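The sequence and structure come first.

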Amino acid sequence: TQGIGLAMIEYFDWWNGQPTDPQLKDYPIPGAAMMPKLHVGFADSYEPSGPFGAKGLGEIGLDAVPAAIANAIADACGVRIFDLPITSEKIHRALHPQLYANEKSPPPAAPKGGMWTRLSAGRPSGARPFSPEFVSAASVEEAVQHLAAGDAALVAGGIAHALRRERTGFPQAKRLVSIMRIPELSEFSIDARGVLRAGAAVRQQTFYEEAHVKKYWQAIDDAMESVGHTRIRRMLTVGGSVGPLIGGFDLPLALLVLGARVTVAGSKGRRTVTLEEAFQKRFAKDEMVVAIEVDPPPARSGSSFYKYMARGVLEIPTVNTAAVVSLNADGTCSHARAVIGAVSWKPIVLDLKELAGQRINEDNLRGSVQGVRAAAEPVSDVRGSALYKREMAMEFAYRALATAWQRARQAT
């Protein structure tokens with residue numbers, strides 16, 4: 001297990017002699033779920049330099065594992081990686097050197113964020129003693145009033161607050177407003193028209209357990225599968241995922257490709273906009289998410305979601321993608337759309353009108369996502385270089401479209 005970690009995933013970025021993630025939240029260690037079935041074989045031998053023929057113990061067992069993995073990769077792919085860790089990017093670079101021939105590496109720069117600011121100033125990490133006011137709102141209007149008053153933040157699952165406390169030492173605001181006791185925010189329904197509606201306080205596990213979601217909105221189901229496990233899904237809420245409007249999050253990207261609408265409430269009242277418009281124009285500071293709505297898909301439709309994490313660990317993805325494809329009765333494309341997240345400040349939305357009326361195949365699917373390379377604005381970090389992220393954005397956009405297409409064909 002240690003050898004696999006050394007060979008493939010246990011690494012992090014440095015800056016000026018310090019790790020950029022000193023709390024090691026981004027540092028994966030192989031767990032039981034990652035390990036293959038192990039078979040132990042003993043090879044007895046005598047070591048003359050040790051007492052009674054004994055050999056050294058400890059981490060000497062690490063030495064053979066990276067070599068065995070490198071040999072397996074060379075046998076499977078025809079390229080040999082000599083530098084540890086052996087990452088998917090290094091393999092991709094060895095297989096496709098022409099893609100990286102003109103790469104310009106960005107100059108080193110200090111990391112950003114509250115955690116790094118504290119450490120570079122010599123202040124220790126961890127939460128600081130603080131006693132914010134905690135309020136349980138009884139209605140959406142009451143919650144909005146607290147937001148409008150200033151220095152207040154909403155609490156649903158609480159994950160964002162816990163992370164902020166750990167990174168900066170202090171809570172997000174002096175007044176924390178819980179929305180979990182507002183009845184309308186916990187409503188989850190599929191009406192007679194087939195419209196899915198979920199309030200801001202609905203847990204993501206609810207989507208995962210709903211059979212209609214698995215059948216009609218496969219992109220949402222894929223996104224819930226990628227979240228991790230039941231415990232996390234039972235903490236994450238619709239409002240907590242959609243409200244920040246972060247394209248690297250799973251649920252918002254799946255909802256975006258499906259043309260979802262979001263209802264928000266603020267001091268000026270309520271309004272409903274498409275999620276795409278929300279990503280473009282953002283929410284006002286005193287606005288909160290009330291609910292999301294998703295229309296039923298047309299006949300002969302399929303959707304999908306992919307999240308690529310270079311090290312297979314629960315972290316910010318290298319790229320995540322979602323796609324939807326609808327077919328005409330004759331099998332030609334009626335509508336196709338792809339959304340790519342985590343490689344730019346806002347999700348990249350591709351309405352692939354050039355595929356309309358065509359019979360879909362691998363060539364025109366791959367051709368339709370070539371524009372992602374120029375649209376992406378990734379940042380090099382521990383999850384991959386900027387150029388590698390561009391290549392993976394195109395690859396996984398294609399994979400999402402291909403999966404959605406296959407599901408659309410099966411729906412016929």
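## Ring pairs

Rings of Phe, Tyr and Trp (its six-membered ring) pair if their centres lie within 6.5 Å. The model is predicted, and by this rule the count comes to five aromatic pairs.

## F188 and F207

The ring centres of F188 and F207 are 5.4 Å apart, and the planes stand at 90°. Planes over 60 degrees apart count as edge-to-face, so F188 and F207 are an edge-to-face pair. The pair links distant parts of the chain, with F188 in strand 6 (residues 188-190) and F207 in helix 7 (residues 204-209), 19 residues apart.

F188 is partly exposed, because its relative accessibility is 23% and the buried class ends under 20%. F207 has a relative accessible area of 0% and is therefore buried.

Y308 and F396 form a stacked pair, 4.8 Å centre to centre with 15° between the planes. This pair also joins distant parts of the chain: Y308 lies in strand 11 (residues 301-308) and F396 in helix 16 (residues 386-411), 88 residues apart.

Y308 counts as buried because its relative accessible area is 12%. F396 is buried as well, at 7% relative accessibility. Both residues belong to a cluster in which ring pairs link Y306, Y308, Y388 and F396.

## Charges over rings

Elsewhere, the charged end of K214 is placed over the ring of Y208, at 4.4 Å from the ring centre.

Technical notes:
Residues numbered from 1 in each chain as written. Predicted model: local features only at pLDDT ≥ 70, side-chain atom pairs only at ≥ 80, totals over all residues. Heavy atoms only, no water. Phe/Tyr/Trp six-rings, centres within 6.5 Å; stacked < 30°, edge-to-face > 60°. Helix = DSSP H or I, 4+ residues; strand = E, 2+ residues; numbered from the N terminus. Buried < 20%, exposed > 50% of the residue type's maximum accessible area, 1.4 Å probe, protein only. Lys NZ or Arg CZ within 6 Å of the ring centre and 35° of its normal.
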